[in-house]
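Have a look at the structure first, and then we can go through it together.

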Amino acid sequence: FITLAHALEVHPLILMRQYFHGWELPVWSSKDTKYPKDHSGFVRDVTYPDNSLVTVNQEFEKVWEIQNLGEVIWENRRLVCIDEELVIIQRRGEEWRPLSQTALLVPLQREVPISTTHPKQTVIVAVTFRASPIPGTTVSYWKMVDTQGELCFPNLSGVMCLVKVVAV
């Protein structure tokens with residue numbers, strides 16, 4: 001018995017997304033990727049899915065599963081934090097203002113290695129965070145880089161950790 005996901009060599013969650021969001025499989029252009037025929041797909045949040053609750057100053061490990069959807073072997077790649085490139089704003093009533101740096105998630109490492117991943121394989125990547133000392137919703141963004149530190153998928157979203165920090 002061979003499933004459609006097995007025959008296409010993609011994670012079943014990717015097929016489920018296609019079922020609920022349209023049958024067209026994603027099409028990447030050369031502007032989305034640094035290397036021809038190199039593509040990535042988010043599979044799932046293994047731990048702390050979006051909007052999970054964490055307590056102030058809590059240390060926790062966020063784990064993602066991603067899949068190599070291209071034809072290029074991922075070797076010596078890393079996931080790097082790109083939070084410094086972001087300006088996160090918050091809304092208080094009708095007023096919008098930049099979020100205080102003290103209200104942000106703090107990754108305990110700024111980059112983590114990605115195991116060698118062959119086409120169609122999935123890989124688990126984990127980052128340890130410390131929640132802010134201030135309650136509220138906060139986020140951290142991460143993207144894949146190559147051995148030269150250049151973005152592999154400059155125009156794609158990457159992965160994120162989005163949690164709600166609560167006081168105990």
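Let's begin with a pair of neighbours: β1 and strand β3 (residues 59–68) run antiparallel and are joined by five bridges. Strands here are DSSP runs of E with at least two residues, helices are runs of H or I with at least four residues, and both are numbered from the N terminus. Two strands pair if DSSP finds at least two bridges between them. Across this pairing, D45 stands opposite W64 in β3.

The pair belongs to an open sheet of four strands, in the order β1-β3-β9-β7, with antiparallel pairing. Its edge strands, β1 (40–45) and β7 (106–107), each pair on one side only.

This is a predicted model, in which local features need pLDDT of at least 70, side-chain atom pairs count only at pLDDT 80 or more, and totals for chains, interfaces and linings use all residues. Residues are numbered from 1 along each chain as its sequence is written, and side-chain values use heavy atoms, with hydrogens and water left out.

How confident is the predictor? pLDDT gives its confidence in each residue, from 0 to 100. The chain has a mean pLDDT of 83, and 73% of its residues reach 70 or more.

| Element | Residues | Mean pLDDT |
|---|---|---|
| helix α1 (lowest) | residues 4–8 | 50 |
| strand β8 (highest) | residues 111–114 | 98 |

Where pLDDT is low, the predicted coordinates should not be read in detail.

Finally, T137 lies in strand β10 (residues 136–145). Leaving aside neighbours within four places in sequence, T137 is in contact (heavy atoms within 4.5 Å) with L162, V163 and K164.

Methods:
pLDDT is the predictor's confidence in each residue, from 0 to 100.
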